[in-house]
Every structure is written in C-alpha cells, then in structure tokens.
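This briefing concerns the structure shown below. It begins with a question and its answer, and then sets out the main points by topic.

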Amino acid sequence: MNIVNDKFMVKEVINAIGTVTALGGNVLSDEVLTSIREVSGIFVDMEQLAEEAGNYIARKVGAESAYITNGASSGIVLSVAACLIRAKPDLRYKLPKLEGGKKYVLTFKNQVTEFKYLINISGAKIKEIGDRNGVSLVNFENTVRKFVDKTAAIVYFALDPLPNNLAIEKVVEIAHSFGIPVIVDAAAELPPKDNLRKYLRAGADVVIFSGGKAIGSFNDTGIILGTREIIDIVKGIGPYQEEISDSERRVFLGRVMKVSKEEIVATTVAFDKFLNMDEEAFMDTMYQKCEMMLEYLGKSNSLSARVINPPWYFPRPVTIPRVEIEFKNGIDADKIANKLKNNSPPIYVLSDKGKLYLNPQCLKEGEEKIISEAILRLTERELMGGMN
C-alpha cells in the first residue's frame, strides 16, 4: 500500500528542484528511521533531552552551545527574541510585545530573502542597511554607530555568491566593536560541511541551519549553533520552559515552536550521518547525475543543455550543480515546467528567465531518464503544435 497515493490521493512527485520545504525537504535515511522507532516507544524529560542533544552537536562542531528547533525559521525568531532580552532575560514573558529596550534588528537590503520578515514575529523592528547594490564598509559602520543604542542584533543572510556582499568577518568585526551580536541565517548553505564551522570561525554569535535539508532530518527541524549566553536565553523562552507561581502558570514565545522527542533524536542521528558523509564522493555523484541527463537530452535538436553553477538567488544550496536547458524554436520554458507537473509521475523543475533547471540532489536512481524523456516528449509535442 502506498499511503500517499491510496489514502490521501496525493501523488508522489519527482523532485528536480532540491531540498525545498514545499516538496518535503528530504528523504529520511534508514538510520534516522530506526532512531525514530526506538525513541517513540519511551518517555523522556524533554528539557533534558534537548539539552543533551544540543551539547552533543556543539561538541561535534566546536561550538559553545547548540539547540534543536522546529525549523530554521523558528531559529531566527528565537535567536532574535533572545537578543531583544539579552540585557534582561527575566522579561521573556513580555515577548513579543516588549516595551522599551533595543528593538531594532539591522539587516542588509541587498540580501533579498522572504525569511527576513520572520524577524518581526519576535517583536523586533527591521532596519535595512544600504540598497539593492550593497553597502560600503564605511556606510555600514556609520549606520551601526547611528543606531547602536536601539539595536539588539544584526542578522546576516548567507547568500554567497551574492555580488557586493560584505564579508561576514568584516560584519562581525564592526558589530562586535559596538557590542552588537551577529546572527547568521545559513539555513540551506550545506554542503559544504565546512560551513557548519565557517561562520563560527568568523565570530558570529549565532548560526542557524535547517535540519530538514542536507543534514537529513525532519522537514520541520533546525539547529542553532553559537554562544552559550544567547543560546541559554533561547532555551529559556523555548517550548519546554514555563513559570509556575501561586497565581498562574506561564509559558513563553517558543511554546508554539515545539519539537518532538522523535525529531530531536532524528536530528542528532542525521547530523552524525551528515558529518561522516564522503563529501567528494557525494559531489561526484551530483555531477554524474547531471551528465546522465545531458546525455539523454542531447538527442534533441530543439534544445541545448549544459551543467552550471547556479547564481546566488537560486534555491539553495548553490554548491549543487544544475542542468540548464535552453529551448529553441520559440518553445516556452514555463509551459514545459507546468506540463511536467501533469506528467505521470509529476515532475517539479525550476523555470527561470526562459530556461529550465534540473537539480540532481533529490533524484532517485533512474529518475534522470524519466525527467529527460518527459522533457523530450513535451518538446516534440510543442514543435508539432500539440501544446495548449
């Protein structure tokens, strides 16, 4: 029985976009599934489990502290919230409607991402620096100086190879000279594995990763790495904390960001597996999958295909190669992409600026041929005037 097809009438799709949330993140490994089955049959102290799992992950990468969240997005919210009350952690019960204090979070206008606006959930106010073309170090430093008395943190979105982007090392150096912590959202910046340590080496106070992408845990998990000071505050507003007094019981902002025991254990097991991955062999496999698709697609004279390193604004990670397809004879890439979703099985690809892009990261064995043949078939129909 295929529970997706039979029970929910939802079709399994071929994912040629990547480890995106909208398509389920990734496929859990046997090791992760085994760990889920084991922990699902017992009860544990959740606060203790979260603490021990965080300590384990922190030791693995040389961080002061770590914490597992229900997604990288909640990692942004909790980290910013922690910075808002950094001077007075006892005010955690007032989040997100904190009165007074440092309410601004500085971000960079050229770091264009929809996740920036999650900062507002914490109760912070976003102040963007520079313009879409970037900002100079002098202007950045002057802006930080101007708003230093109102600024709780700087959030830096890791979007290399973004043109004219300030280096994280310089951002940290200037921010720390004013006593302002730096939060790095590196949610989908894996691989390479070295990125787990790269931003910590640069001095960032908090670095956030998705657990549900390359790391290989549940789609709705994330990992915060960083200083013990800030992550201890994160824990204090997290889902397992509450205050009990004679008059009331109180929970905090993170209560709506609960992580199950299964997700905590799965993320720890997946993290280990990711660290032990042969990265060179993995990347070789990615290029081999691309070459297989090039070989199939080369049978058509109505398109040209090549392997590229994608630009910064593509679905992350941009370290994974893509097959770029450019159509001839007026064939519309958007139409082909939409028609592929109606294929059997449905195929999801990226269409951008008149071209199709195929990401090999989530492809199962044999799907390279299925995708290529579907594209060739739809291309032929277009030439014959059969597409509407």
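What covers the buried residues of H8? The cover includes two helices, H3 (46–61) and H4 (72–84), together with the strands S2 (65–69), S7 (206–210) and S8 (222–226). The buried residues of helix H8, which spans residues 228–236, are Ile230, Ile231, Ile233, Val234, Lys235 and Gly236. The model is a predicted one, and the points below describe it from the overall fold down to single residues.

**Overall architecture**

- The protein contains 12 helices and 15 strands.
- Its radius of gyration is 23 Å, close to the 21 Å that the globule rule gives for 388 residues, so the protein is as compact as a globular protein of that length.
- The C-alpha trace spans about 75 × 55 × 40 Å along the principal axes.
- Of the contacts in the protein with a separation of 6 or more, 68% are between residues 24 or more positions apart.

**Surface, burial and charge**

- Buried residues account for 52% of the 388 residues.
- The accessible surface amounts to about 18,500 Å², and carbon and sulfur atoms contribute 49% of this area.
- There are 49 positive and 51 negative side chains, and the centres of these two sets are 5 Å apart.

**Cysteines**

- Zero disulfides are found in a search of the whole structure.
- Cysteine 290 takes part in no disulfide, and the nearest cysteine sulfur, belonging to cysteine 362, is 13 Å away.
- Cysteine 290 has a relative accessibility of 0% and therefore counts as buried.
- Cysteine 83 has a relative accessible area of 6%, so this residue is buried too.

**Backbone geometry**

- Most residues other than glycine have a negative phi, and most peptide bonds are trans.
- The peptide bond from leucine 95 to proline 96 is cis, with omega near 5 degrees; proline 96 lies in the loop between H4 and strand S3 (104–108).
- A cis peptide bond also runs from leucine 190 to proline 191, with omega near -5 degrees; proline 191 is in the loop between strand S6 (182–185) and helix H7 (195–201).
- Asparagine 164 is not a glycine, yet has a positive phi of about 60 degrees. This asparagine sits in the loop between strand S5 (151–157) and helix H6 (168–177), and its relative accessibility of 55% is over the 50% cut-off, so asparagine 164 counts as exposed.
- Asparagine 329, likewise not a glycine, has a positive phi of about 60 degrees. The loop between strand S12 (322–327) and H11 holds asparagine 329, which counts as exposed because its relative accessibility is 60%.

**Valine 105 in strand S3**

- Valine 105 belongs to strand S3 and is buried, with a relative accessible area of 0%.
- Apart from neighbours within four places in sequence, valine 105 contacts Val80, Ile119, Ala124, Lys125, Ile126, Lys127, Ala153 and Val155.
- Valine 105 and phenylalanine 147 are 42 residues apart in sequence, and their C-alpha atoms are 9.7 Å apart in space.

- Leucine 363 is located in the loop between strand S15 (355–358) and helix H12 (367–383).
- Its relative accessible area of 6% is under the 20% cut-off, so leucine 363 is buried.
- Leaving aside neighbours within four places in sequence, leucine 363 is in contact with Ile14, Asn15, Ala16, Lys289, Met293, Glu368 and Ile371.
- Lysine 289 is 74 residues from leucine 363 along the chain, with a C-alpha separation of 8.4 Å.

- Proline 345 is placed in the loop between helix H11 (333–340) and strand S13 (347–348).
- Its relative accessibility is 29%, between the cut-offs of 20% and 50%, so proline 345 counts as partly exposed.
- Not counting residues up to four places away in sequence, proline 345 touches Glu12, Ile14, Leu340 and Ile370.
- Proline 345 and leucine 33 are 312 residues apart in sequence, and 25 Å separates their C-alpha atoms.

Conventions: Residues are numbered from 1 along each chain as its sequence is written. This is a predicted model: local features need pLDDT of at least 70, side-chain atom pairs count only at pLDDT 80 or more; totals for chains, interfaces and linings use all residues. Side-chain values use heavy atoms; hydrogens and water are left out. Helices (H or I, at least four residues) and strands (E, at least two) are DSSP runs, numbered from the N terminus. The radius of gyration is taken over C-alpha atoms; the globule rule is 2.2 Å times the number of residues to the power 0.38. Buried means under 20% relative accessible area, exposed over 50%, partly exposed in between (1.4 Å probe, protein chains only). Contact means heavy atoms within 4.5 Å. Accessible areas come from the Shrake-Rupley method with a 1.4 Å probe; for residues, only the protein chains shown count as cover. Lys and Arg count as positive and Asp and Glu as negative; His and the chain ends are not counted. The place of a charge is taken as NZ of Lys, CZ of Arg, CG of Asp or CD of Glu. A disulfide is a pair of cysteine sulfur atoms within 2.5 Å.
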